[in-house]
Amino acid sequence: IIVTLSTVGYGDISPSVWISKLFVIIFIFVVLVVVPAQVESYLRIVQSQRQQGEATAFAVPGKHVVVCSTDMRSHDLRDFLNEFFAYKEKVQDFTVVVLSPQEIGQDLKLLVQVPLWAHRVLYLQGSALNEHDLGRARVFDAKAVFLLVNRRTADREAADQRTVLRAWSILDYAPHVPQYVHILKPENKIYAAFAKQVICEDELKYALLANNCHCVGMSSVVTILLHTSREKSGSSDIPWHKAYGSCSGNEIYSVLLGDSRVFRPFA
């Protein structure tokens, strides 16, 4: 059978009885059908495991952070990666490990293959409630863990509950790793008080609206400062679009007066 499959013909040993010849002929046809299908299936599984991080460990060059979410959306991950890699000199040696229980979809697959961060983003299919998956993501050695939530979810209470459970699981597994937790409802912040930073979306939104009543335009100014923008003044022909794009691309830096060429005489 081996010499036949390798297309070299029969060798010195071959069946001589007619029933043996019939069996070998049938078996060869079965092997020709079954083996390629099994090999293809095995290669597909190996490729899927590589893409979804099914390996028990992975090599991370330098430092890494872990991003956890039960309902990872491409727009949420894109926003995080844009902000995280906005300043290349500070995070050029960092790798972002995404840990999510959902299978990677086509939109997420295209996102993590963007050349800007393709070699610095690893997607692992797993749960932060599973100690084995936390080990695969090397949470114990991570510089930080970010827990994101789908901002467009219908059941905000349930989303916060899932986030808090995963935060407690990570705290139990790696209590020394700082956590940055995204919460939707203010009353749920207390359950993640152990985190280094808890960001409540509703609380921040209502605070901006309240301050906007005292100072018109305050919400726009704060939003521009919080969101990294790479807009250019000539990206639109509409006047207010050009003005907004030009101003939103500006950044604020904290500089000591003694280190500034302009203000050094006044220091």
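Phenylalanine 84 is buried, with a relative accessible area of 15% (buried means under 20%, exposed over 50%, partly exposed in between; 1.4 Å probe, protein chains only). Phenylalanine 80 also counts as buried, at 12% relative accessibility. Helices (H or I, at least four residues) and strands (E, at least two) are DSSP runs, numbered from the N terminus.

The model is predicted; local features need pLDDT of at least 70, side-chain atom pairs count only at pLDDT 80 or more, and totals for chains, interfaces and linings use all residues. Residues are numbered from 1 along each chain as its sequence is written, and side-chain values use heavy atoms, without hydrogens and water.

A search of the whole structure finds 8 aromatic pairs. In one of them, phenylalanine 80 and phenylalanine 84 are stacked, at 5.6 Å centre to centre with 15 degrees between the planes. Rings of Phe, Tyr and Trp (its six-membered ring) pair if their centres lie within 6.5 Å; planes under 30 degrees apart count as stacked, over 60 as edge-to-face and the rest as tilted.

Both phenylalanine 84 and phenylalanine 94 are buried. Phenylalanine 84 forms an edge-to-face pair with phenylalanine 94, at 6.0 Å centre to centre and 80 degrees between the planes. This pair links distant parts of the chain: phenylalanine 84 belongs to helix α3, phenylalanine 94 to strand β2 (residues 94–100), 10 residues apart. Ring pairs join Phe80, Phe84, Phe85, Phe94, Phe146 and Tyr180 into a cluster.
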